[in-house]
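Let's take a friendly look at how the parts of a protein model meet. Have the structure open beside you as you read.

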Amino acid sequence: MRARVGVVAAVLAVLLAGCSQAAAPGPVEPVRPAPAGATVVTGAPPAAADTSCGDPRVSLTPTPEPAPGAMPAGSTMARIAARGALIVGIDQSTVPLSYRDPRSGVLTGLDVRFAQEMARSIFGDPSRVRFRIESSAQRIPNLLAGSVDMVVQAMTVTCARKARIGMSSVYYDAAQRIAVPAVSPVTSVAQLGGRPVCSITGTTSIATLAAERGTNGQPPVVVGVPENSDCLVMLQQGQVDAATTDDTILAGYALEDRRLAVRGEPLASEPYGIGVAPQNTDLLRFVNGVLDRTKADGTWAAIVAGTFGGTPAPPPPGQYAG
Amino acid sequence: MTAVQSGVAPRTPPAAGGPGAPGWRRRLGELRGIGRDTRVGRLATAAAATLALVLLAGVLALVATLRTQAASEDVVARSGPLTAAAQELYGALSDADASAGQGFLLGAGEPPSLRLRYQTDLADAGRALAVVGSASGPDAATGPVATLTSGLPVYAGLVETARTADRQGLTYGAAYLREASSFLRASLLPAAEQAYDQQAAELSDDQAIADGGVWTVLALVAVVAALVAIWLLHRRIARSTKRRLTPGVALAGAAMGLLLVWGVIALGLCAALTASARNDGSDPNRELVAARFAVLQSRSDEVLTLVARSAGGDYEQDYVRRSIGLYGWQGLLDHARDEAGSGPVADDASTAATVGREGITVHALVRTLDVSGDYDEAVALALSTAPNGGQGSVQQVEDALDRAVTTTADTAAADAAAADTATTLLAIGVVVLTLVAAAGLAVGVWPRLQEYR
């Protein structure tokens with residue numbers, strides 16, 4: 001009798017278990033998609049400051065700028081002038097450095113303006129420039145292959161790059177900083193120990209971030225994404241507490257979303273230079289001359305103010321040797 | 001009668017029923033003795049064996065018929081339509097991906113028809129999801145259906161965020177669209193594929209059963225054995241009683257014969273039609289649908305490269321990979337054409353391959369334009385609906401594949417329906433004919449047994 005009661009109880013238990021399982025299928029997880037290729041990066045080695053070439057900001061001494069349309073015979077500039085257009089390697093998705101205006105579709109931004117200034121100096125016409133759209137990884141190979149005359153693409157001057165290509169004096173002094181929601185109390189990376197922070201995969205910024213420690217002794221949780229705008233999306237979706245990369249790009253975030261703010265002290269300096277093929281030293285000196293002239297005659301200030309708004313800081317002085 | 005009486009052999013106790021055996025075992029032993037050693041006994045044994053064979057044949061034929069019928073009915077009413085629904089789900093999602101990207105690229109110039117296409121895709125996906133979900137039972141709460149039901153609104157939300165941002169002139173709209181597309185590809189499409197694979201496997205199983213099998217063979221053997229037994233019985237009666245015809249036994253033979261003919265024709269037709277549904281329908285259909293999906297996704301890759309304003313990168317690599325898989329030697333379209341044999345389906349597959357290969361040159365031109373800074377021209381070419389434009393050439397591939405997909409799906413559905421019809425009355429026929437045969441045996445043999453009294 002006991003055994004039969006047990007069997008009945010067991011059968012009932014199984015039946016009831018079956019019922020309750022069908023009624024409550026466990027807790028529901030919210031669906032939160034992340035941008036394509038977003039990954040948590042661990043153990044990225046910090047980039048050691050490379051000073052093998054001395055100060056990477058030092059470039060070749062500029063030559064006096066020739067009049068537009070009168071390039072020295074036999075020079076690289078004369079070859080470009082004969083071709084009828086300057087070919088510039090650039091990106092088309094980095095607000096506010098080089099991007100297509102969503103309304104007009106025209107390529108615009110800080111880098112585009114400087115490229116157009118180069119064309120103006122060669123041809124007297126800023127529109128005589130043919131852009132070649134390339135990824136960051138293609139910058140140096142395209143220069144070496146000769147498929148572009150110069151690269152104006154948020155390229156930080158480093159000794160490693162100067163060993164392979166020619167780089168101009170600094171045309172914009174960017175710095176790595178953080179962007180957070182405007183309502184966030186965070187003002188520096190030190191407050192982000194153990195918190196998710198977004199950066200761009202394969203950049204020096206992400207390595208710098210990984211080397212940071214919060215005041216609680218923990219490193220931030222580094223989330224790497226492939227494109228600049230992916231960090232903006234992750235910030236807007238609340239998937240990360242902050243994003244860090246060049247302040248030029250972060251300024252673009254804040255321009256497009258007023259609920260975001262760029263904050264904190266610079267984590268690293270990112271001086272931008274224009275890249276040219278290593279053998280074209282005449283072009284490099286020419287570029288340095290044009291940059292010096294724009295810094296002196298107010299063109300530089302107009303371009304920077306037009307890009308970021310407000311009153312720009314004084315331009316970085318050109319440093320030269322050789 | 002006395003002569004017959006004398007024919008009864010003296011009772012020899014058989015091994016099973018020895019002197020010490022209990023009463024029922026001894027009786028059984030005696031009966032066995034009678035069955036083996038007397039004429040009447042042998043007739044009774046033969047008749048009983050024949051009856052048993054007839055009944056066995058009937059049961060086996062019934063089982064084979066019911067299994068075939070259930071499977072072919074399942075193909076028509078369940079696994080066939082569910083496979084189509086799962087296919088529709090996957091197709092609608094892929095198409096949504098491509099049309100959302102194109103609409104985004106066109107921006108203000110997006111024609112209402114393209115917007116409508118995206119919206120129809122979402123509605124299609126929702127409906128197909130409901131059909132697949134309602135059939136997947138308790139798995140619906142955890143399996144691919146759950147992923148899809150919870151993910152679809154999130155996807156649609158991301159696409160609308162992208163559109164809204166773009167409308168306001170914010171460049172990060174493109175990032176939202178890429179996120180939406182990546183979510184669709186990484187989460188929703190694999191779930192839809194899983195659902196489709198499950199349904200396609202069920203369809204294959206049903207087709208394998210409807211195609212005949214062990215039970216059908218067993219039934220066939222049993223029916224033939226029963227026929228032979230009936231013929232032997234009839235001959236035995238004819239020899240021992242000098243009757244040329246025993247009507248009951250002959251009726252049993254006729255019934256079994258009819259059952260054999262009917263069964264072979266009906267089950268054979270069902271098997272042949274099911275095989276045709278599979279070979280000319282669902283098998284090439286599966287290849288064609290895979291090709292159709294790959295076309296849509298490579299199109300999305302092309303469009304998203306432009307949306308992302310990237311110079312090549314992951315989308316371009318994916319495009320190249322898919323194009324090789326589609327149009328390359330022994331690619332999806334070659335496979336589909338080979339599966340289809342010859343005829344309009346193979347022609348459509350060839351057309352798709354030819355036009356698609358030409359489309360790759362259009363794509364190369366789009367990339368060249370984009371990389372050399374002529375973004376607007378690249379977009380215009382990629383979206384051009386002219387026969388030699390990006391959208392135009394993809395549309396021709398899609399149209400050819402759609403025709404082939406529809407043809408094979410119709411073939412599969414029509415043949416499956418015919419296969420189902422072929423066995424409609426067979427189950428009742430089996431029961432009636434088996435009973436007729438059994439009754440015929442009883443009526444035919446009983447008087448002969450009585451004659452021995």
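This is a predicted model: local features need pLDDT of at least 70, side-chain atom pairs count only at pLDDT 80 or more; totals for chains, interfaces and linings use all residues.

The largest share, six residues, comes from α6(B). By class, that side of chain B has 12 nonpolar, nine polar and six charged residues.

The rule also finds one salt bridge between the two chains. You can look for it where the side chains of A:Asp230 and B:Arg178 meet, at 3.1 Å from N to O.

Now turn to chain A itself, which is divided into domain 1 (58-171 + 273-320) and domain 2 (174-270). Their C-alpha centres lie 28 Å apart. Here is how the two interfaces look side by side.

| Interface | Residues in contact | Buried area | Share on carbon and sulfur atoms |
|---|---|---|---|
| Chain B and chain A | 27 residues of chain B, 30 residues of chain A | about 2400 Å² | 55% |
| Domain 1 and domain 2 of chain A | eight residues of domain 1, nine residues of domain 2 | about 700 Å² | 62% |

Which residues stand out in these areas? In chain B, B:Tyr172, B:Glu179 and B:Arg309 lose the most area to chain A, together 23% of what that side buries. For domain 1 of chain A, the trio A:Val95, A:Thr156 and A:Phe308 supplies 52% of the area buried against domain 2 of chain A. Between these domains there are zero salt bridges, while two residue pairs are in polar contact.

Note on methods:
Residues are numbered from 1 along each chain as its sequence is written. Chains are lettered from A and ligands numbered from 1 in the order in which they are written. Side-chain values use heavy atoms; hydrogens and water are left out. Contact means heavy atoms within 4.5 Å. Buried area is the accessible area (1.4 Å probe) that two parts lose on being put together, summed over both. A salt bridge is a side-chain nitrogen of Lys or Arg within 4 Å of a carboxyl oxygen of Asp or Glu. Helices (H or I, at least four residues) and strands (E, at least two) are DSSP runs, numbered from the N terminus. Ala, Val, Leu, Ile, Met, Phe, Trp, Tyr, Cys and Pro count as nonpolar, Asp, Glu, Lys and Arg as charged, and the others, Gly among them, as polar. Domain bounds come from an automatic or database domain assignment. A polar contact is a pair of N or O atoms within 3.5 Å; within protein, one must be able to donate a hydrogen and the other to accept it, and residues adjacent in sequence count only if both atoms are side-chain atoms.
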